[in-house]
Amino acid sequence: MAYVITEPCKGVKSTECVNVCPVNCIHPTPDEPDFPNVEQLYINPDECIECGACASVCPVNAIFHENDVPEQWREYIEINARYYRG
Ligand code: SF4
């Protein structure tokens, strides 16, 4: 199980989440080459420890525990995971 970044992140990529994640599982970070090319940030579901820190600081409330993702954004569970499959 993991937290998931959903639609409100698109075009925002505010990075507060990146700064608080204790296991650095949110990418791309601003210093990674992919950062300007992506629409949003993504959480690696294999590394997330479900601490919830990212959800608390997100200025656009884009981050939810996988069990609590609103119905209209359920596809983002797969979209986050896909980013890490390359
Ligand atoms: Fe990182 Fe915690 Fe958010 Fe998972 S829930 S992405 S470990 S800050």
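Author: The accessible surface of the protein amounts to about 4800 Å², and carbon and sulfur atoms hold 47% of that area; accessible areas come from the Shrake-Rupley method with a 1.4 Å probe, and for residues only the protein chains shown count as cover. This is a predicted model, in which local features need pLDDT of at least 70 and side-chain atom pairs count only at pLDDT 80 or more, while totals for chains, interfaces and linings use all residues. Residues are numbered from 1 along each chain as its sequence is written, and side-chain values use heavy atoms, with hydrogens and water left out.

Reader: What radius of gyration does the protein have, and what would a compact globule have?

Author: The radius of gyration is taken over C-alpha atoms, and the globule rule is 2.2 Å times the number of residues to the power 0.38. For 86 residues a compact globule would come near 12 Å, and the protein, at 11 Å, agrees with this. Along the principal axes, its C-alpha atoms fill a box of roughly 30 × 25 × 25 Å.

Reader: Which pattern does the protein follow along the sequence?

Author: Helices (H or I, at least four residues) and strands (E, at least two) are DSSP runs, numbered from the N terminus. The protein has three helices and four strands, and read along the sequence they follow the pattern β-α-β-β-α-β-α. Contact means heavy atoms within 4.5 Å; of the contacts with a separation of 6 or more, 71% are accounted for by residues 24 or more positions apart.

Reader: Which residues of helix 3 are buried, and what do they pack against?

Author: Helix 3 covers residues 75–85, and Y76, I79, N80 and A81 are buried in it. The buried residues of this helix pack against strand 1 (3–5) and strand 3. After helix 3 comes G86, whose phi is positive, near 75 degrees.

Reader: Is Q40 buried or exposed, and what does its side chain reach?

Author: Q40 lies in the loop between strand 2 (26–27) and strand 3 (42–43), and it counts as buried because its relative accessible area is 1%. A polar contact is a pair of N or O atoms within 3.5 Å; within protein, one must be able to donate a hydrogen and the other to accept it, and residues adjacent in sequence count only if both atoms are side-chain atoms. The side chain of Q40 reaches the backbone oxygen of I5 at 3.3 Å. Leaving aside residues up to four places away in sequence, Q40 touches I5, T6, C9, K10, K13, P28, Y76 and N80.

Reader: What kind of peptide bond joins H27 and P28?

Author: The bond between H27 and P28 is cis, with omega about -10 degrees, and P28 has its place in the loop between strand 2 and strand 3.

Reader: Where does N24 lie, and where does E50 lie?

Author: N24, in the loop between helix 1 (16–20) and strand 2, has a phi near 50 degrees, a positive value in a residue other than glycine, and it counts as exposed because its relative accessibility is 52%. E50, in the loop between strand 3 and helix 2 (53–57), has a positive phi of about 60 degrees although it is not a glycine; with a relative accessible area of 35%, E50 is partly exposed.

Definitions and conventions
Buried means under 20% relative accessible area, exposed over 50%, partly exposed in between (1.4 Å probe, protein chains only).
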